[in-house]
Amino acid sequence: MTDTAAHTDWQTWQHSWDRQQQWYLPDREERFRTMLDTVEALVGPEPLVLDLACGTGSISDRLLTRFPNARSVGVDLDPALLTIARGHFADESRVSFVSADLRDPDWAARLPHQRFDAVLTATALHWLRTEELATLYGRIAGLVRDGGVFLNADHMPDERTPRINAAAHAYDKARRAREKEAGAQDWTEWWRAAAADPALADAVAERDRIFGAPADDHADGQLQSPAWHARALLDGGFAEARTVWASPSDAMVLGLK
């Protein structure tokens, strides 16, 4: 770790990421709570967790706060977000981080464990195309122990309700406009600030080489309905699958091995 990085307040960066995400997802903490409730109900309070597409480690942060005997492995490709995660959890022995591309067929070989009690992810996998996500679900099923769980909370619109979708979109757009006027930081502004920090500048530049500029992020991704996700989990090898939380535009699906 460089001297600049060693003196960076990584907790402040972690919190700023959470605030920026909360602007887009005002019910973000609710979905995290439901996710951890489900983990406790099905695998208990001491899980070994794979935090999939972990970003700055928001799920791991809440997991370890709630469950002192839990352990977590975070995996992501984004070098800037992983830099924040590693800095934030530098003194935490219960969590480790791995850099890997989930589209790589051999990504799971990089993990320190090959079986997990739970695999958790939120607002991340929508950047994959439909066929890529279906393939990933099959690989995830191979990492979850029998009786273990997979939970994905993400954008999952239901195309059967176009008027409801349009009204929810308009309402959320107006909410964000009000909060933006009051000073909320959006995605582009957050990344601009990260690029300006000497402790993150190199990682952000590397990130831009991998993904393109922040405004172009996830341009190739595709969205699917909750019903599609449940079917794909069953086809991938889970014994049971269904929606366990939903908002007008997002949902969380559970796969039980």
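A search of the whole structure, which is a predicted model, finds one cavity of 30 Å³ or more. A cavity is a set of points, on a 1 Å grid over the protein atoms alone, where a 1.4 Å probe fits but cannot get out. The space in this largest cavity is about 50 Å³, where a volume is the space filled by probe spheres set on the points, and grid points are joined across faces, edges and corners. Its lining is made up of Ala53, Val75, Asp76, Leu77, Ala100, Asp101, Leu102, Trp127 and Phe211; lining residues have an atom within 4 Å of a point. By class, seven of the lining residues are nonpolar, none is polar and two are charged. Here Ala, Val, Leu, Ile, Met, Phe, Trp, Tyr, Cys and Pro count as nonpolar, Asp, Glu, Lys and Arg as charged, and the others, Gly among them, as polar.

Residues are numbered from 1 along each chain as its sequence is written. Local features need pLDDT of at least 70 and side-chain atom pairs count only at pLDDT 80 or more, while totals for chains, interfaces and linings use all residues; side-chain values use heavy atoms, with hydrogens and water left out.

Helices (H or I, at least four residues) and strands (E, at least two) are DSSP runs, numbered from the N terminus. Ala53 has a positive phi of about 50° although it is not a glycine. Its relative accessible area is 14%, so Ala53 is buried; buried means under 20% relative accessible area, exposed over 50%, and partly exposed in between, with a 1.4 Å probe and protein chains only. Thr123, in the loop between β4 and α6 (130–143), also has a positive phi, near 50°, in a residue other than glycine. Thr123 counts as buried because its relative accessibility is 18%.

A pocket is an open set of grid points with protein on both sides within 12 Å along at least five of seven lines. At least two lining residues come from each of α2 (10–24), α3, β1, α4, β4, α7 (162–181), α8 (187–196) and α9 (201–211). Helix α7 gives the most, with seven residues.

Next comes the sheet. Seven strands form an open sheet in the order β3-β2-β1-β4-β5-β7-β6, with mixed pairing. Its edge strands are β3 and β6 (240–246), each of which pairs on one side only; two strands pair if DSSP finds at least two bridges between them. Neighbouring strands are turned by 20° against each other on average, direction ignored. Strands β4 (residues 116–122) and β5 (residues 144–155) are parallel partners over six bridges, and Leu120 stands opposite Leu151 in β5. By contrast, β6 and β7 pair in the antiparallel sense over six bridges, with Arg242 having Leu254 in β7 as its bridge partner. A hairpin of three residues joins β6 to β7.

Helices lie against this sheet. Helix α3 lies across β4, β5, β6 and β7 (250–256), and runs at about 170° to β5. Helix α4 (residues 58–66) touches β1 (48–52), β2 (71–76), β3 and β4, and its direction makes about 175° with that of β2. Axes are lines fitted to C-alpha atoms, for helices over the stretch in contact, and angles run from 0 to 180 degrees between N-to-C directions. Contact means heavy atoms within 4.5 Å. In α4, the buried residues are Ser58, Ile59, Ser60, Arg62, Leu63 and Leu64, and they pack against α2, α3, β1, β2, β3 and β4.

Thr34 belongs to helix α3 (residues 28–43). It counts as buried because its relative accessibility is 13%. Leaving aside residues up to four places away in sequence, Thr34 touches Val244, Trp245 and Met252.

Ala90 lies in the loop between α5 (79–88) and β3 (95–99). With a relative accessible area of 51%, Ala90 is exposed. Its C-alpha atom is separated by 9.4 Å from that of Trp10, 80 residues apart along the chain.
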